[in-house]
Amino acid sequence: MMLRRRKQQGSASAASEPVKPEADSHHSSTNERTTKTDINGLQEDKKTASLVPAQKPQRPLKKWGCMHTCCWLIGCLWIMWWTVLVLYNTLPSLPQYVTEAITGPLPDPPGMKLAKEGLQAHHPVVFVPGIVTGGLELWQGRPCADGLFRKRLWGGTFGEVYRRPLCWLEHMRLDNETGLDPPGIKVRPVSGLVAADYFAPGYFVWAVLIENLARLGYEEKSMHMAAYDWRLSFQNTEVRDKTLSRLKSTIELLVQTNDNRKVVVIPHSMGALYFLHFMKWVEAPPPMGGGGGSGWVARHIKAIMNIGGPFLGVPKAFAGIFSAEGKDIAIARAVAPGVMDTELFGLQTLQHIMHVTRTWDATMSMFPKGGEVIWGDLDTSPEDGFDCSLKKERAEEISVCESQELNEKQLDLSGKPQTHYGRMVSFGKEAAEMESSKIVRKTLKDFNRGNLPVRANVSCGEVWTEYHEMRWEGVEAVVEGKIYTAETMLDLLRFLAPRMMERADSNWGYGVADDLDNPKYQHYKYWSNPLETKLPDAPEMEVYCMYGVGMLTERSYIYKPSSNNDTCYIPFRINASAEGSSEGCLKSGVYFVDGDETVPALSAGFMCSKGWRGKTRFNPSNVASYTREYDHAPPLTLLEGRGTQSGSHVDIMGNFALIEDILRVAAGATGEELGGDRIYSDLLKWSERIQIEL
């Protein structure tokens, strides 16, 4: 049947069109070239007598643009990153004898080591996470966030940042007037140990410490993660979420259910400031406080083991608010100019970062405290004489005393230091280095920001910041100020962002108290500043300052005005081209000192080494304080991960020595049994240079 049909079709075709002789066909093709289309859409070329596909009209090719390139690059990076994570977590581990052949014998984890010594869980523990590391999830949002109910907006995979960035930014920012949720949006902290065990897949925060505590017998009934919304001011966490009240009840419950054993509290980073605030709040009378009375802390807290606590603030926090950048972003802008300053996927990246972070009141808690008394003035500062290259090259060769003696010799014959760390912001390298008597400056008092005309005709849309309200004359006034210290930096921010600083001044104190018995210091705005409040009356309690050293940490900056005078852009930027000598501490527009890469050692250690040492006006009940430094050592191989001897601000959470110290105290040891202070940096010398009434 198939053969018959084909034959019939062939005959029908032949009947419809007579077949011409080959010679005639060839002859006609020499004079004229024609084509015809058969029923299958194929064209018959009479010259070649062959069938070819019918040509269809071609669409114009889309031009490959910058956005396609950026998407392609980011996609490749994410694929590589996730591939590495999958392989790392799914492939079987190398046999131990192979690993030991490469790295040498591996030490036992601290929990396993101490369990062999017979140590067991004793005091219940409370973790207090810092800024950024705690997860946040969505409870109510705009239509653009459909499908994200109780999904993490912060922490986890960060997938929503890339899928719908503008929607994500809208839900992460707070109200610029109240510092609370915008109408119709509710973002809340994730609860439980999972709130901050991992910041992102494969990137631990508290997970390693929790695992080692579990080896001593700890479980959820004896551990608690005091999660809170790290964007809010500390008092607003109570106003909105009752977080402080819930922490008070949880600590009381932990004590009752663990044979009345006091709690060991372990804050990290900004969590140290948060718990300082809590200790004052819990004993203060209502409605401002929790009503626990003057003996509450003494009855419930055994020790506070602060990890990387920025007690006196972080210069990096100011740079983030001032120009939405730090060392890393400044270098990126220098290497790839325009990428961070122009629209990327519809975003003006740094402007959006500034617009959002300036609504996070908690960031303002980490502005430098103590003014010029702590951080130095135009001519002197505590860290004068610190030599970055000497510290890096000879840290293992010289003792602490020898290091102090050598650093003392770094002053020139006139007694002037090589680096003026007290000049926390300098416009131009010349202003950062010249003698103060030769600097011609204008103060911001010469300019009234309120009378500067607003450029109402310029619309910055969703990327609006307070800089939009300034004319270029105001920007020039800031530049002509030349130099700003820890005190005048705050005046600078009040000039540039008055509404933000109005909230800051209502929530935080940045000075040094003259009289701590003055009733004004009973206000909650002073409770997180250790220089404006007292430790509680708890003479049996211990306070630890535990932090990394041996890493270059941002201390002061050289700025320049941005080339674009459109006030929709951020008008100031770190001058990444400013470099010092090979022996100096100036690199890419940033002056460095010793610390954990985020918090300078002076900020993390001064209170335990001097401010709280013994019976002082900041520590009237003589609470024992200990300074424990951990000298940074990078991982020797990739098999070591982020390192078991790291002193970096977050990676230190996996430092075996730090974990062992925490486990011993949780198991009942005292600071004296740990060995007391352990100091590698020049902290004691720097602390002695600070003239403060104790």
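This is a predicted model: local features need pLDDT of at least 70, side-chain atom pairs count only at pLDDT 80 or more; totals for chains, interfaces and linings use all residues.
Hi everyone, let me start with one arginine: R240 counts as buried, at 18% relative accessibility. Buried here means under 20% relative accessible area, exposed means over 50%, and partly exposed lies in between, using a 1.4 Å probe and protein chains only.

Residues are numbered from 1 along each chain as its sequence is written, and side-chain values use heavy atoms, with hydrogens and water left out.

Now the overall picture. The protein has 694 residues, and 50% of them count as buried. Its secondary structure comes to 26 helices and 22 strands; these are DSSP runs numbered from the N terminus, with helices being H or I of at least four residues and strands E of at least two. Take contacts, meaning heavy atoms within 4.5 Å, between residues at least 6 apart in sequence: 75% of them join residues at least 24 apart.

Which side chains does R240 meet in salt bridges? One is D181, at 3.1 Å from N to O. R240 sits in helix α9 (residues 234-241) and D181 in the loop between α7 (165-172) and β7 (186-189), 59 residues apart. Both residues of that pair are buried. The other is D229, where the closest N and O atoms are 3.0 Å apart. D229 lies in the loop between β10 (223-225) and α9, eleven residues from R240, and D229 is buried too, with a relative accessible area of 0%. For the cut-off, a salt bridge is a side-chain nitrogen of Lys or Arg within 4 Å of a carboxyl oxygen of Asp or Glu.

These pairs belong to a network of salt bridges linking D181, R188, D229, R231, R240 and D241. The structure holds 30 salt bridges. Another one joins D259 and R261, at 3.9 Å from N to O. Here D259 counts as exposed, at 61% relative accessibility, and R261 as partly exposed, at 28%.

Next, strand β4, residues 125-128. β4 runs parallel to β10, joined by three bridges, and parallel to β11 (residues 263-267), joined by four. Strands pair if DSSP finds at least two bridges between them. V126 stands opposite H224 in β10, and its bridge partner in β11 is V265.

Last stop, helix α20, residues 472-480. Its buried residues are G474, V475, A477 and V478. They lie on the same side of α20 because they cover an arc of only 155° around the axis, taken from the directions from the helix axis to the C-beta atoms. They pack against α13 (315-323), β15 (425-427), β16 (483-484), α21 (486-496) and β19 (572-574). Just after α20, K482 takes a positive phi of about 65°.

Thanks, everyone!
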